[in-house]
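Subject: Structure handover

Hello,

Please find the structure below, with the sequence. My notes on it follow.

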Amino acid sequence: MSVEDGRLHLRFYSPRKLEDVEIWARMPSLSDEEFLLARFEEVAPFVDFYTDLPFLTRDCTFRTASGRQMKVRRNPYFPDAMLTLRAAGYCPYWRTLEQIKHGWTISFSLYGGDPTKPDGGPSPNWLGIRPVHCREAVALFLNVGYVFSSKEAEALLYANEDKLYGNGGTDDPVSALRVVRQMQTPRSLRVGLVNDRHAAGLGGGGVFGLDQWRWLNYHDDWGACTVMFHELGHVLGYNHSSSFTNGPWAHELMSHFYLNRREELPVNTTAYLDSKNNPNLYK
């Protein structure tokens with residue numbers, strides 16, 4: 001949420017809609033109390049919404065948090081910085097999203113590919129990522145953020161600490177506390193579409209990518225799900241000798257946790273995006 005040039009701007013990165021959302025505002029020059037600026041019966045998936053602030057053109061009366069009436073006089077020169085915003089939601093999906101405490105920031109990269117070409121313009125490790133894959137990436141990282149924030153996932157790691165080992169192999173134990181902290185460390189990733197003639201996925205540092213088949217199947221196929229966690233293991237800093245890529249963290253603990261709890265994840269079904277039927281997939 002932001003106020004830009006006298007307009008309220010809402011941008012929602014989610015394959016699922018929200019229902020019953022309120023936007024509360026505070027204007028310290030008038031009152032320390034919040035007032036209800038806007039209410040949305042529905043916030044659509046991936047919405048990018050602008051609307052003019054009403055008091056730029058007319059006097060307005062708003063309801064405050066305590067239930068009283070607050071009048072805001074017309075001001076066509078209203079400074080954006082005078083308004084602070086807070087959203088409140090009341091639907092079950094809002095409560096699910098609130099449980100994500102450790103999400104990562106993602107952006108997208110072509111990595112030399114070309115999405116305007118029928119073959120994706122191989123680079124050779126990458127193809128040009130298209131919106132259908134980007135939307136799947138948003139779904140994936142909403143779900144991963146939810147899993148990595150889960151107390152149940154933490155408990156699973158502590159209960160299986162003997163299966164966690166680092167780049168030195170099985171003789172290089174890693175504590176569950178260290179792994180939890182690594183999973184919950186803020187990160188920024190550039191996400192791409194891997195050329196399936198090169199690999200099923202690529203990851204490490206600030207890079208993450210899957211090939212098209214894995215983007216379409218990570219949510220309900222064990223093999224695709226393990227590739228996803230394999231690459232996330234690289235992002236956490238581990239190599240192929242560790243349990244985080246070719247061992248229990250990726251192949252057993254996290255993949256099974258994810259697949260067994262699909263119903264409670266933020267994006268809990270592929271039906272929201274229906275990507276497999278998207279006409280803009282690579283053939």
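What covers the buried residues of α4? The cover includes α2 (131-148), α3 (151-159) and α7 (248-260). Please keep in mind that this is a predicted model.

Helix α4

Helix α4 spans residues 176-183. Its buried residues are A176, V179, V180, Q182 and M183. They lie on the same side of α4, because the arc they cover around the axis is only 160°.

Helix α3

In α3, the buried residues are A153, E154 and L157. Viewed down the axis of α3, these residues fall within an arc of 100°, so they line one face of the helix. The face turned away from that buried side carries K151 and A159, which are exposed. Among the elements that cover the buried residues of α3 are α2, α4 and α7.

Two packed helices are described by the angle between their axes and by the distance between the axes. Both values are given here for two pairs that involve α3.

On the α3 side, E154, L157 and Y158 take part in the contact; they meet A176, L177, V179, V180 and M183 of α4. Of these, E154 and L157 are among the buried residues of α3, while A176, V179, V180 and M183 are among the buried residues of α4.

The other pair is α3 with α7. Here the axes are 10 Å apart and the packing angle is about 150°, which makes α3 roughly antiparallel to α7. The crossing of α3 and α7 is right-handed. From α3, the contact is made by E152, A153, L156 and L157. From α7, it is made by W249, L253, M254 and F257.

Strands of a sheet pair through backbone hydrogen bonds, either parallel or antiparallel. Strand β3 covers residues 18-26 and pairs with β8 in the antiparallel sense over six bridges. In that pairing, I23 has A87 of β8 as its bridge partner, and W24 has R86 of β8. In a regular strand the side chains alternate between the two faces of the sheet.

How many bridges join β3 and β4? There are seven, and this pairing is antiparallel as well. For L18, the bridge partner in β4 is V43.

Regards

Definitions and conventions. Residues are numbered from 1 along each chain as its sequence is written. This is a predicted model: local features need pLDDT of at least 70, side-chain atom pairs count only at pLDDT 80 or more; totals for chains, interfaces and linings use all residues. Side-chain values use heavy atoms; hydrogens and water are left out. Buried means under 20% relative accessible area, exposed over 50%, partly exposed in between (1.4 Å probe, protein chains only). Helices (H or I, at least four residues) and strands (E, at least two) are DSSP runs, numbered from the N terminus. The arc is that of the directions from the helix axis to the C-beta atoms. Contact means heavy atoms within 4.5 Å. Two strands pair if DSSP finds at least two bridges between them. Axes are lines fitted to C-alpha atoms, for helices over the stretch in contact, and angles run from 0 to 180 degrees between N-to-C directions. Angles under 35 degrees count as roughly parallel, over 145 as roughly antiparallel, 65 to 115 as roughly perpendicular and the rest as oblique. A crossing is left-handed if the near helix is turned anticlockwise from the far one by less than a right angle, and right-handed if clockwise.
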